[in-house]
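Please have a viewer open while you read.

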Amino acid sequence: MSTTGTGAGTGAGTDTGTGTGTGTDASTGKPADTGKCTDTTPHTPNDAPHTPQTAPDTDDAFDQDSLPAPPGATGALLRSLLAPRRARVAVAALLLLVQQAVIQAGPLLVAYAIDRAVPAFRAGDHGPLITVGVAYLGCAVAAGGFQYAFILASARVNQDVLLDLRGRIFRHAQALSVDFHERYTSGRLISRSTTDVESLRELLAEGLQELLTVVLSFVSISVMLLWLDLGLGAVAVASFVPLYLLIRLYQRRAGRVYRARSTAVAAVIVKFTETMNGIRPVRAFRRERANEEQFGALNHVHERVNGDALLEMARYVVGSRLVANTAVAGIVLWGAYRVAQDTLALGVLAAAVLYLRRLYDPIDRLGMFLNSYQSAAASLEKIAGLLAQTPSVPEPAPGTGKPLPPLASAQPGRTVEFDGVRFAYRTGGEVLPRFDLTLPAGQTVAVVGSTGAGKSTLAKLLARFYDPSPEASDGPGQEAAAGGRVLLDGVDLRDLATTELRRGVVMVTQEAFLFSGTVAENIAIGRPDATREEIERAAKAIGAHDFITSLPDGYDTDVRKRGGRISAGQRQLVAFARALLADPAVLILDEATSSLDIPGERAVQRAMDTVLRGRTAVVIAHRLSTVEIADRVLVMEHGRIVEDGTPADLIRGTGPFAELHRAWRDSVVGGGKAAP
């Protein structure tokens, strides 16, 4: 068959490139009866690329680690965490209120002792002084008991909140689409769920108690001072005006610092995670010194921002103590003068001074709360921004997902259709300008082409890691039209229930990812309810049983992180056993043999013969030896199909595939690599 058109493709990952081309099925010059494949992109004169490449956005929220959140999202997040625990929060607050009431009784007892109990004791009446002593001791014991009960109640609330928040972050991160994770690094996610959650823990564990203590002390002591002496009380209350202004100044300055600190912490974690995950190329290319310099620069930024935070805290503490000490000194001098003039009782002055110390002593603790609050507020802002992100590939609303129709034959394969699909990555131009393709049920199709041709993009669309990009809107206010459909037995993937989609389409990638755990557990990921007999049957069918049983604990051997205990070829066999156990209708193999040596590739190809039987399969191939198992070959260039036919027909032709095959054959005969 023949196809004409133009295309330009720039994108993330491997899909980049621009150009034009034409292709013909050299065997017959007619469309093959294996399926439909057309490219309907209009021809562009002079092969001019129709989509300009865009420059990277330096103000991108992902690059700046400042994901946008709706106004009030931070407060709404905190309220949603505390709302289910309202009753326990109220109990904890009541315990603290009673404790503060008991504590504030102390200065009144001292005033009573000075003005009443001591004169009575001198007159021979010991009862009032003994009563005051017993009452003071009782208040101290009661305050300690209520404090203990408050700590228990608040600690349970704190841990429940943190458990809920970490769970939300984990669940939401899993639910977000692949394109989000390609732009938002795992190190930042780790920072959100560790250091940022830890900031909230510090606020809940210590800061809220300090805040409630300060507020209750201010209200109760202000009332008591005004009741004891209106003049002294008025001066004490007036001294809170400069303290309030000082607190507002600290909040504004510290808020900026703590937002910068949260970003700096995340940058350090990202660099550390990236380096440890890539430790092999780091050692191979001797990147230790360069990485150390980069990490040191990020660590220095973190150190500087931490220093800024401490400096702001020091300014607040010094300023608040200056205001408090000045106020206490002024009140004591004025009160002493009034005592000397017999216009103020000595006991009242003593009680007022004790109350003032209790009033101003928590000011430093208020600074600790503000410190915790600003840190937690910045962290909650980051977390709220993360939780506000919505999947770009949304799942159907509950109860609205469509099921797949019954299979038309005994074979598990289903028909796949790309209907007018257009796709462009957010960070570049179009990869697929317009794409039409039909894959009949049960057909194995190999897709080949140079880097940037759009092969992996095709696989990601079929796996629904991405949805087709919408067409450009006709004008302001006009809704953009959908950029085509990907259909499975006539059902749009966007309408399929998630369970149906993941059961029907399975992808095996170049790097067969194995989780920490046993071999059997990794195979059972394909179908978690599978029995041990079914797991072993799938491994035997793939040809993995012998190497698995030779492991120290057989199927119960722990493969460790990323399957590091077994070879790349063995990991790939486990991945194929997993796919066979899942029994999908459509299987996507994205360069599944490109990283293997020749013996490993041959073992995997034998496994492919088993797992592909009767299924619709899309095989993204860099090695032409992988193409031999295909019923049909598609050659892609710049988002277009330029050749379509059986392997034998295309090899006999003079098109791009024949040239690739000849180059591969010459490299094999010449003792080179097994694939270009």
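The report below goes from the whole chain to a few individual residues.

**Ground rules and confidence**

This is a predicted model, in which local features need pLDDT of at least 70 and side-chain atom pairs count only at pLDDT 80 or more, while totals for chains, interfaces and linings use all residues. Residues are numbered from 1 along each chain as its sequence is written, and side-chain values use heavy atoms, with hydrogens and water left out.

The pLDDT, which is the predictor's confidence in each residue on a scale from 0 to 100, averages 78 over the protein chain, and 84% of the residues score at least 70. Residues 1-58 have a pLDDT below 50, yet this stretch has 132 contacts in the model beyond near neighbours in sequence; a contact means heavy atoms within 4.5 Å. Residues 473-480 also stay under 50 in pLDDT, with 5 contacts beyond four places in sequence. Where pLDDT is low, the predicted coordinates should not be read in detail.

**Overall build**

The protein chain has 21 helices and 15 strands, taken as DSSP runs numbered from the N terminus (helices are H or I with at least four residues, strands are E with at least two). Of its 676 residues, 46% are buried, where buried means under 20% relative accessible area, exposed over 50% and partly exposed in between (1.4 Å probe, protein chains only). Among contacts with a separation of 6 or more, 77% join residues 24 or more positions apart.

An unreviewed UniProt entry lists residues 89-114, 134-153 and 234-251 under "transmembrane region"; the positions follow the numbering used here, feature names are shortened, and annotations may be inferred rather than shown by experiment. In the model, residues 89-114 are 96% helix and 0% strand, with end C-alpha atoms 39 Å apart. Residues 234-251 are 94% helix and 0% strand, and their end C-alpha atoms lie 26 Å apart.

D196 sits in helix α7 (residues 186-228), and S379 in helix α12 (residues 346-387). Leaving out residues up to four places away in sequence, D196 touches S191, S262, S379, K382 and I383, whereas S379 touches D196 and S199. Although D196 and S262 are 66 residues apart in sequence, their C-alpha atoms are 7.3 Å apart in space.

**Two positive phi values**

R464 is not a glycine but has a positive phi of about 55°; this residue lies in the loop between α13 (455-462) and β9 (485-488). H638 also has a positive phi, near 55°, in a residue other than glycine, and is found in the loop between β14 (632-637) and β15 (640-645).

| Residue | Relative accessible area | Class |
|---|---|---|
| D196 | 2% | buried |
| S379 | 3% | buried |
| R464 | 6% | buried |
| H638 | 18% | buried |

The structure holds 2 cavities of 30 Å³ or more. A cavity is a set of points, on a 1 Å grid over the protein atoms alone, where a 1.4 Å probe fits but cannot get out, and lining residues have an atom within 4 Å of a point. Grid points are joined across faces, edges and corners, and the volume is the space filled by probe spheres set on the points.

The second largest cavity has a volume of about 40 Å³. Its lining includes R464, Y466, D467, R485 and R494. By class, this lining has 5 nonpolar, no polar and 5 charged residues (Ala, Val, Leu, Ile, Met, Phe, Trp, Tyr, Cys and Pro count as nonpolar, Asp, Glu, Lys and Arg as charged, and the others, Gly among them, as polar).

Methods
1 Å grid on protein atoms, 1.4 Å probe; cavity = no way out; pocket = protein on both sides within 12 Å on 5 of 7 lines; lining within 4 Å.
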